[in-house]
Amino acid sequence: MFNNPHYITKGISRNIPPWLINLMWFMIHQMEVENKDYLQVFELEKQPDGKQYICHKQEQPPYKYELCLECKNAVTAKIFVIDDQTHSTMLLSEEY
């Protein structure tokens, strides 16, 4: 899964910094699980100190990875990444 062309929506392009988009794709590709779910979920939160908190999850099999990074342009958003076997799309939850 997720070894196909990658796409992002206009919402992602307009609201999420490019470094963070690339990091999320990287996190999906580096997952250490037997199987990846077709739906990956990222919960992003700008911390009071300006750091970027990232929670990456999937339902089946259960997976959760959390990360907090120093950055200049942290955001708060919920993002879905969906693989339909021919392509993978990253979108804001409100675009679903």
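Predicted model: local features only at pLDDT ≥ 70, side-chain atom pairs only at ≥ 80, totals over all residues.
## Contacts and overall build

Among contacts with a separation of 6 or more, 55% are between residues 24 or more positions apart. Buried residues make up 41% of the 96 residues in the chain.

The chain has a radius of gyration of 13 Å. A compact globule with 96 residues would have a value near 12 Å, so the chain agrees with that expectation. The C-alpha trace spans about 40 × 25 × 20 Å along its principal axes.

## Elements and sheet

The chain holds 2 helices and 6 strands. From the N terminus on, the elements run β-α-α-β-β-β-β-β.

The 6 strands form an open sheet with mixed pairing. Their order is β1-β6-β5-β2-β3-β4. β1 and β4 stand at the edges. Each has a single partner strand, so one side of each is left without a neighbour in the sheet. Neighbouring strands are turned by 15° against each other on average, direction ignored.

## The β1-β6 pair and helix α2

β1 and β6 run parallel, joined by 3 bridges. Tyr 7 stands opposite Thr 89 in β6. Helix α2 (residues 18-29) packs on the sheet. The helix touches β1, β2, β3, β4, β5 and β6. Its direction makes about 35° with that of β3.

Ile 28 belongs to helix α2. Ile 28 counts as buried, at 0% relative accessibility. Not counting residues up to four places away in sequence, Ile 28 touches Phe 2, Lys 36, Gln 40, Phe 42, His 56 and Val 81. Tyr 7 is 21 residues from Ile 28 along the chain, and their C-alpha atoms are separated by 14 Å.

## Gln 40, a buried polar residue

Gln 40 lies in strand β2 (residues 39-46). Gln 40 has a relative accessible area of 0%, so it is buried, the cut-off being under 20%.

Which partners does the side chain of Gln 40 find in polar contacts? One is the backbone oxygen of Asp 37, which lies 3.0 Å from a polar atom of the Gln 40 side chain. Another is the side chain of His 56, joined to that of Gln 40 by a polar contact of 2.7 Å.

Leaving aside neighbours within four places in sequence, Gln 40 is in contact with Phe 2, Ile 28 and Met 31, among others. The list also includes His 56, Lys 57 and Gln 58. Ile 79, Phe 80 and Val 81 are in contact with Gln 40 too.

Phe 2 is a residue other than glycine, yet its phi is positive, near 65°. Phe 2 lies in the segment before β1 (6-8). Phe 2 is buried, with a relative accessible area of 0%.

Gln 85 sits in the loop between β5 (77-83) and β6 (88-92). Is Gln 85 buried or exposed? Gln 85 is exposed: its relative accessible area is 68%, and the cut-off for exposed is over 50%.

## The cis bond and a loop neighbour

A cis peptide bond joins Gln 60 and Pro 61. Omega is about -15° there. Pro 61 is found in the loop between β3 (52-58) and β4 (63-69).

Glu 34 is found in another loop, between α2 and β2. Glu 34 is exposed, with a relative accessible area of 79%. How far apart are Glu 34 and Pro 61 in sequence and in space? They are 27 residues apart in sequence. From C-alpha to C-alpha, they are 8.1 Å apart.

Key. Residues numbered from 1 in each chain as written. Heavy atoms only, no water. Helix = DSSP H or I, 4+ residues; strand = E, 2+ residues; numbered from the N terminus. Buried < 20%, exposed > 50% of the residue type's maximum accessible area, 1.4 Å probe, protein only. Polar contact = N/O pair within 3.5 Å; in protein donor to acceptor, adjacent residues only side chain to side chain. Contact = heavy atoms within 4.5 Å. Pairing = 2+ DSSP bridges. Axes fitted to C-alpha atoms, helices over the stretch in contact; angles between N-to-C directions. Rg over C-alpha atoms; globule rule 2.2 N^0.38 Å.
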